[in-house]
Amino acid sequence: MKVATALKALVLVGVATGGGMIADSHAQAPAGDDDPAALRAEIEHLKSIAPSQGVAMTEVAYNFNNLWFAAHAKNWPLAQFYFGDTRGRLRWALRIVPVRKISTGQLELQPFLDALGKEQLAKLGDAIAAKSLPQFEAAYKATLEGCHACHTAAEKPYLDVQVPTAPAEPMMHFAPH
């Protein structure tokens with residue numbers, strides 16, 4: 001392995017965790033350029049402190065939940081913000097686990113995200129741009145169905161998402177300014 005590969009992994013973990021792990025990893029003795037075993041150990045250490053896909057999906061749920069309330073308050077800029085963050089966190093989740101192991105082999109997750117992006121999320125983005133609550137509600141519910149289809153294909157049908165009944169963030173003032 002090359003130092004560049006180890007450094008990319010270090011930067012990726014640092015970005016994914018808000019930079020806090022970069023300082024911690026520098027506290028350990030840095031691996032030499034010519035020490036493959038030390039580089040492998042460093043990469044294994046970085047893997048052990050990297051967030052799981054569950055962390056990314058929790059952030060997806062947080063943003064998608066708040067999106068519902070921002071739209072219902074007709075705070076369309078805030079809705080656009082949560083929509084963008086939802087999409088970004090979905091991409092992050094796939095970078096963490098691009099292939100899910102299931103009973104019949106392996107399930108590539110990118111096709112699910114691609115389909116969700118081209119169909120349900122595209123319609124959701126259109127509804128936000130149009131500032132249409134009825135269009136938004138239909139697209140939001142269709143997106144939830146798309147999410148559940150992926151969960152089911154990944155043999156996790158118990159991850160059955162629904163329209164939220166309370167905001168994930170009680171501190172947020174959803175009314176437009």
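# Contacts, core and pocket in a helical model

Colleague: Which residues does phenylalanine 112 touch, not counting residues up to four places away in sequence?
Modeller: This is a predicted model. Phenylalanine 112 sits in helix α6. Setting aside residues up to four places away in sequence, its contacts are Leu107, Ala149, Cys150 and Ala153.

Colleague: What distance separates the C-alpha atoms of phenylalanine 112 and alanine 149?
Modeller: Along the chain, these two residues are 37 residues apart.

Colleague: What is the relative accessible area of phenylalanine 112?
Modeller: A buried residue has under 20%, and an exposed one has over 50%. Phenylalanine 112 falls in between, so it counts as partly exposed. Its relative accessible area is 28%.

Colleague: Which residues of α6 are buried, and where do they lie around the axis?
Modeller: The buried residues of α6 are Leu113, Leu116 and Gly117. They cover an arc of only 100 degrees around the axis, so they lie on the same side of α6.

Colleague: What covers the buried residues of α6?
Modeller: Start with who needs covering: Leu113, Leu116 and Gly117. The cover over these buried residues includes α5, α7 and α8.

Colleague: Now α7. Why do its buried residues line one face of the helix?
Modeller: Those residues are Gln120, Leu121, Leu124, Gly125, Ala127 and Ile128. They line one face because, seen down the axis of α7, they fall within an arc of 160 degrees.

Colleague: Which residues are exposed on the other side of α7?
Modeller: The buried residues of α7 pack against α4, α5, α6 and α8. Turn to the other side of α7. The exposed residues there are Lys123 and Ala129.

Colleague: How many residues has the largest nonpolar core?
Modeller: In soluble globular proteins, nonpolar side chains tend to be buried together. Here, those with the most contacts inside the core are Leu67, Ala79, Leu124, Ile128, Phe136 and Tyr140. The elements giving two or more residues to this core are α4, α5, α6, α7 and α8. The core has 32 residues.

Colleague: Which residues does leucine 67 touch, not counting residues up to four places away in sequence?
Modeller: Leucine 67 is among the core residues with the most contacts inside the core. Leaving out residues up to four places away in sequence, it touches Ala79, Tyr82, Phe83, Leu124, Ile128, Phe136 and Tyr140.

Colleague: What is the volume of the largest pocket?
Modeller: Rolling a probe the size of a water molecule over the atoms shows where empty space is left. The lining of the largest pocket has 36 residues. Its volume is about 780 Å³.

Colleague: How many residues of the lining of the largest pocket are charged?
Modeller: The helices α4, α5, α6, α7 and α8 each supply at least two residues of this lining. In the lining, 23 residues are nonpolar and ten are polar. The charged ones number three.

Colleague: Which residues does glutamate 137 touch, not counting residues up to four places away in sequence?
Modeller: Glutamate 137 is in helix α8. With a relative accessible area of 25%, it is partly exposed. Not counting residues up to four places away in sequence, glutamate 137 touches Trp68 and His72.

Colleague: What is the phi of lysine 131?
Modeller: Most residues other than glycine have a negative phi. Lysine 131 is found in the loop between α7 and α8. With a relative accessible area of 56%, lysine 131 is exposed. It is not a glycine, although its phi is positive, about 55 degrees.

Colleague: And what is the phi of glutamate 155?
Modeller: Glutamate 155 is in the segment after α8. At 36% relative accessibility, it counts as partly exposed. Glutamate 155 is a residue other than glycine with a positive phi, near 60 degrees.

Terms used:
Residues are numbered from 1 along each chain as its sequence is written. This is a predicted model: local features need pLDDT of at least 70, side-chain atom pairs count only at pLDDT 80 or more; totals for chains, interfaces and linings use all residues. Side-chain values use heavy atoms; hydrogens and water are left out. On a 1 Å grid over the protein atoms alone, a cavity is a set of points where a 1.4 Å probe fits but cannot get out, and a pocket is an open set with protein on both sides within 12 Å along at least five of seven lines; lining residues have an atom within 4 Å of a point. Grid points are joined across faces, edges and corners, and a volume is the space filled by probe spheres set on the points. Helices (H or I, at least four residues) and strands (E, at least two) are DSSP runs, numbered from the N terminus. Ala, Val, Leu, Ile, Met, Phe, Trp, Tyr, Cys and Pro count as nonpolar, Asp, Glu, Lys and Arg as charged, and the others, Gly among them, as polar. Buried means under 20% relative accessible area, exposed over 50%, partly exposed in between (1.4 Å probe, protein chains only). Contact means heavy atoms within 4.5 Å. A nonpolar core is a set of buried Ala, Val, Leu, Ile, Met, Phe, Trp, Tyr and Cys residues joined through side-chain atoms within 4.5 Å. The arc is that of the directions from the helix axis to the C-beta atoms.
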